[in-house]
Amino acid sequence: MKTSLSPLVIILLLLSFCSPKEETKTEFWVDQTVKNRIDSTLNSFVESGNVAGISALVYEKGEEVYFNAFGYADREAGVPMDRNTIVKIYSMTKPVTGVALMSLYEEGKFQLDDPLEMYLPEFSDMKVYQGVEKDGKMILVDAERPISIRDITRHTAGFPNRNDIPGLSEVMAEKDARSFNNTLASMAQKMGSTPLWFHPGTQWEYGLSVDVQAYLVEKIAGVPYKEYVQQTILDPLGMNETQYYVPENLRNRVAAMYNRTGEGQLERIVDSVAHEFNFNEWPLTPGGFGLTSTLDDYMKFAQMLVNNGSYKGVQILEPETIKLMSTDHLPDSITEKSWLPSKGNVGFGIDFAVRKAPPSDEKENNGVVGEFFWDGAASTLFWVDPVNEITAVLFVQLFPYDGIGLHKKFRDAVYGSYKAPN
């Protein structure tokens, strides 16, 4: 006995096969509620008079989910803060240097635990400060072990970076290793002839380590550091407006810098002082500071990091290297960590702070375990959240560094206020 389908049933079946399937809509964390919260937060800093201008860019799952700018890049001239405003990113230069260095690591040019002196003899036979005699003469001992390359990537080399160390701070000032007139080679010579403040690998102390990384890149690559970064990072990523020297035709887009002197009180830093480094070409091309950038340019760098070293088909680093850089390299034996704990429950990888635990209370900076981030002296900030595939860049030009809770409030605006674990 044959069973036949009616013409109507056949038509319905054909339509079900031919009709397009409904696409699954991507769910984003940064929805309209979050956007409104970020707007309100950023605008409040301008309205209170504590910030002249501020801007932020957030990407999620490879898509732009937030941009806005408030206030002025140049308050006195009435120039609004904008997407193409150029700012000084200070220590957000450091991760760029770290990526440059690790590109050479991928080529097998060095190992992280190699002694630095293998490549830079300026750092051989280092002495370590132990205090001063009654006559003010420094007490020095031999370093317990050589500085390693790992030490200069995680700030455990022992380089002094304070102006209140009796005897040693005076030597630092006299050497003036970070003078703009130094080359990286002369900087290294001056640093190598200055005693260390502590034995390598025993403390975390932020300092000139990343400038030494830049010199190491220059020596291993055999080309000037600035050229190497241009060829291996900036050009491949299309970071066309990230640079040390800002030419005259772009200076109308450079944000003014402001010093906060009290609640709602800002004083403009004189341009000749604020932009001395970037409006002149100097011998020094530091790895630890000095670059200027735009929101979109730096976001390209952040997107490369969240995409495991790749951006728009260009592979800058391998995924394993990004993982290595974003892993905590500080052993439990290092308990002296300067001000690093103020960043939250974090360790330190290769030129990034790395979050190890969720916020313990509402006072701690918000964020996700596994994120890595860094900031700059003029209160700029960026982070990479691999869990939610979020990258965020915050631009402002404010001194002293984030004395108004800017970073915490921006993070709270993105992730929501602190919620205690159940």
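Author: What follows starts with the model itself, then takes up the sheets, and ends with the helix pairs and some backbone details.

This is a predicted model, in which local features need pLDDT of at least 70 and side-chain atom pairs count only at pLDDT 80 or more, while totals for chains, interfaces and linings use all residues. Residues are numbered from 1 along each chain as its sequence is written, and side-chain values use heavy atoms, with hydrogens and water left out. pLDDT is the predictor's confidence in each residue, from 0 to 100. The chain has a mean pLDDT of 94, and 94% of its residues reach 70 or more. Over residues 8–22 the pLDDT is below 50, and this stretch has 2 contacts in the model beyond near neighbours in sequence. Contact means heavy atoms within 4.5 Å.

Now the sheet. Helices (H or I, at least four residues) and strands (E, at least two residues) are DSSP runs, numbered from the N terminus. Two strands pair if DSSP finds at least two bridges between them. An open sheet is formed by 8 strands in the order β3-β2-β1-β16-β15-β14-β13-β12, and the pairing is antiparallel. At its edges are β3 (79–80) and β12 (346–348), each pairing on one side only. Strand β2 (residues 63–74) is joined to β3 by 2 bridges in the antiparallel sense, and Tyr72 stands opposite Pro80 in β3. Helix α12 (residues 406–415) packs on this sheet and touches β1 (53–60), β13 (353–355), β14 (372–375), β15 (381–385) and β16 (390–395). The direction of α12 makes about 35 degrees with that of β15. Axes are lines fitted to C-alpha atoms, for helices over the stretch in contact, and angles run from 0 to 180 degrees between N-to-C directions.

The loop between β17 and α12 holds Pro400. The peptide bond from Phe399 to Pro400 is cis, with omega near -10 degrees. Most residues other than glycine have a negative phi, and most peptide bonds are trans.

β17 belongs to an open sheet of 3 strands, ordered β8-β7-β17, with mixed pairing. β8 (265–268) and β17 (398–399) are at the edges with a single partner strand each, so one side of each has no neighbour in the sheet. Strand β7 (residues 258–262) and β17 run parallel and are joined by 2 bridges; Tyr258 has Leu398 in β17 as its bridge partner.

A hairpin is found elsewhere: β5 and β6, with 5 residues between them. Strand β5 (residues 127–132) pairs with strand β6 (residues 138–142) in the antiparallel sense over 4 bridges, and Lys127 stands opposite Asp142 in β6. In the turn, Gly136 has a positive phi of about 90 degrees. Asp176 also has a positive phi, of about 50 degrees, although it is not a glycine. Asp176 lies in the loop between α5 (168–175) and α6.

Helix α6 (residues 184–192) packs with helix α7 (residues 209–221) at an angle of about 125 degrees, their axes 10 Å apart. That makes α6 oblique to α7; angles under 35 degrees count as roughly parallel, over 145 as roughly antiparallel, 65 to 115 as roughly perpendicular and the rest as oblique. Leu184, Ala185, Met187, Ala188 and Met191 of α6 make the contact with Asp211, Val212, Ala214, Tyr215 and Glu218 of α7. By class, this contact has 8 nonpolar, no polar and 2 charged residues. Ala, Val, Leu, Ile, Met, Phe, Trp, Tyr, Cys and Pro count as nonpolar, Asp, Glu, Lys and Arg as charged, and the others, Gly among them, as polar.

Helix α3 (residues 94–106) and helix α10 (residues 295–306) pack at about 50 degrees, with their axes 12 Å apart, which makes α3 oblique to α10. Pro95, Val96 and Val99 in α3 meet Tyr298, Phe301, Met304 and Leu305 in α10. The residues of this contact are 7 nonpolar, no polar and no charged.
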